[in-house]
Amino acid sequence: MLGVAITTSSICVGARCPHARASVGAVSTQNITDPSLAPALLNRLESGMPADQALGDLLENTENQEYRQLIVVDNTGNSACHTGSKILGIHAESKGIHCHAAGNLLANDRVPEAMTNMFGSLTDVHLGERLMKSLEAGLYEGGEMGDVHSAALLVVDRQSFPLVDLRVDWADVGPASNLRSLWQAYQPQMQDYLTRALSPADAPSYGVPGDE
């Protein structure tokens, strides 16, 4: 599985920043965000480039890269990160085993390392839970300097569609807490929705009026 967990001060972070493609890789496009860079990176990964080569090749052909923060993890767990010279506020990154965390406008430069440390300490839980706990560890370490208002969790597995795609597009306070509640509600039903997509005859009851 591959995925991204993210939270930020702006609205609808899940619509712009986290991207993943099954058996290919995961990308987060951050800071002054250009979402079109994500499919360009994923296409390079799918062609066989490892994470660092894919990112380097993209940057050679990208304008305004000084405004961008890009994180990419390929399907073997290799990762790479670019932080441009015009990134906002305190920024930092941390590379872990099969993971990479990075941020801008941070309360302090320890936040990404707290995230990768948490991710590395969890080896027997679902990737969605590892990502959620890592996000929460970053918030506990200080998170973003100001208030955050949106959050997202994206996980892909073997299908062309996401296994998990949860978003809090706006919350006055605590979007990551709201995302945690969504994940806790969704995880027990996750396999049922997958079964309905792949083998509806074997799916459990839908629990809605008219369902026999």
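**Strands and helices in a predicted model**

Let me begin with strand S8, residues 150-156, which is joined to strand S9 by five bridges, the two strands running antiparallel; strands here are DSSP runs of E with at least two residues, and helices are runs of H or I with at least four residues, numbered from the N terminus. Two strands count as paired if DSSP finds at least two bridges between them. Within this pairing, Leu153 has Leu166 of S9 as its bridge partner.

Please keep in mind that this is a predicted model, in which local features need pLDDT of at least 70 and side-chain atom pairs count only at pLDDT 80 or more, while totals for chains, interfaces and linings use all residues. Residues are numbered from 1 along each chain as its sequence is written, and side-chain values use heavy atoms, with hydrogens and water left out.

The open sheet has three strands in the order S1-S8-S9, with antiparallel pairing. Strands S1 (2-8) and S9 (164-168) stand at the edges with a single partner strand each, so one side of each has no neighbour in the sheet.

Helix H5, residues 175-186, lies across S1, S8 and S9, at about 145° to S9; axes are lines fitted to C-alpha atoms, for helices over the stretch in contact, and angles run from 0 to 180 degrees between N-to-C directions.

Now to the helices H3 (residues 111-121) and H4 (residues 127-140), whose axes come within 8 Å and cross at roughly 150°. H3 and H4 are therefore roughly antiparallel to each other, a term used for angles over 145 degrees.

Technical notes: Parallel < 35°, antiparallel > 145°, perpendicular 65-115°, else oblique. Contact = heavy atoms within 4.5 Å.
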